[in-house]
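Take a look at it before reading on.

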Amino acid sequence: MEIWRLFNKSWSNMMRRFSDVKEWAGITSFEYFCFPTDKKMIVDLRIHFTEFSGDNINIIVGLANNNAFKLFKKKVPKNNRATVGAIKNGSYDGVLFFKDAGSSCWGFEASNGKKRNVITNIGECSFGKWVKLGFVYDCNDGITATITPYIDDEPKTEMSLPLEDIRKMTLIVAANTNNKNKGNILKGMWIDYVSIRELGEAV
């Protein structure tokens, strides 16, 4: 059963300047989602980024609580490199794809507070073309879930996610950059669709 869907959104020239060395932009949904303890879930979206130049940009895409968005805005690359992972420091609840500044790969992580599993390379991140990012959530015993990410329908390495006290999440798509001298680096972002659906009771 599909519980939420978004169609055809675009943000062109979306980077907003906050200082000489920090730019960020992003969106969150107004809807809140919880990982069920008795059902499976699939989350996927088709997205397209256009970059002006280089790989000097951080990106996160997925479901996470609001704390992830606040922490991500502080994750500004230094010398074209950023702290590996979706956020710099602190804790959040959620499941995120991420691209680090200086990297041409998608990473993936699942986090409940400070309990975090991270894979730094699950596939190539190519600008200028559409990509489908998603994950399958399996509640298992309702205590520790299994998360299996995929890129363009190709499954990647699964990871575990403890569910105790995990908080409500929103859809997050965001980018930031250290962009002191080069002007805008991210030209635009287009979302074809986002789909969040439950698959019935776990077996």
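Does Asn 112 count as buried or exposed, and what is its relative accessibility? Asn 112 counts as buried because its relative accessibility is 10%; buried means under 20% relative accessible area, exposed over 50% and partly exposed in between, using a 1.4 Å probe and protein chains only. Before going further, bear in mind that this is a predicted model, where local features need pLDDT of at least 70 and side-chain atom pairs count only at pLDDT 80 or more, while totals for chains, interfaces and linings use all residues. Residues are numbered from 1 along each chain as its sequence is written, and side-chain values use heavy atoms, with hydrogens and water left out.

**Around Asn 112**

Asn 112 sits in strand 7, which covers residues 105-113. (Strands are DSSP runs of E with at least two residues, helices are runs of H or I with at least four, and both are numbered from the N terminus.) A polar atom of the Asn 112 side chain lies 2.7 Å from the backbone oxygen of Pro 162. The backbone oxygen of Glu 164 is 2.9 Å from a polar atom of that Asn 112 side chain. Leaving aside residues up to four places away in sequence, Asn 112 touches Tyr 92, Asp 93, Leu 161, Pro 162, Leu 163, Glu 164 and Ile 166, with contact meaning heavy atoms within 4.5 Å.

**The aromatic rings**

Rings of Phe, Tyr and Trp (its six-membered ring) pair if their centres lie within 6.5 Å; planes under 30 degrees apart count as stacked, over 60 as edge-to-face and the rest as tilted.

| Pair | Centres apart | Angle of planes | Kind |
|---|---|---|---|
| Phe 35 and Tyr 137 | 4.5 Å | 5° | stacked |
| Phe 97 and Phe 108 | 4.8 Å | 65° | edge-to-face |

Phe 35 is in the loop between strand 3 (23-28) and strand 4 (39-51), and Tyr 137 is in strand 9 (residues 130-138), so this pair links distant parts of the chain, 102 residues apart. Both Phe 35 and Tyr 137 are buried. In the other pair, Phe 97 belongs to strand 6 (residues 92-99) and Phe 108 to strand 7, 11 residues apart. Phe 97 counts as buried at 2% relative accessibility, and Phe 108 does too, at 0%. One aromatic cluster is formed by Phe 35, Phe 97, Trp 106, Phe 108, Phe 135 and Tyr 137.

**The whole chain**

Of its 203 residues, 52% are buried.

Terms used. A polar contact is a pair of N or O atoms within 3.5 Å; within protein, one must be able to donate a hydrogen and the other to accept it, and residues adjacent in sequence count only if both atoms are side-chain atoms.
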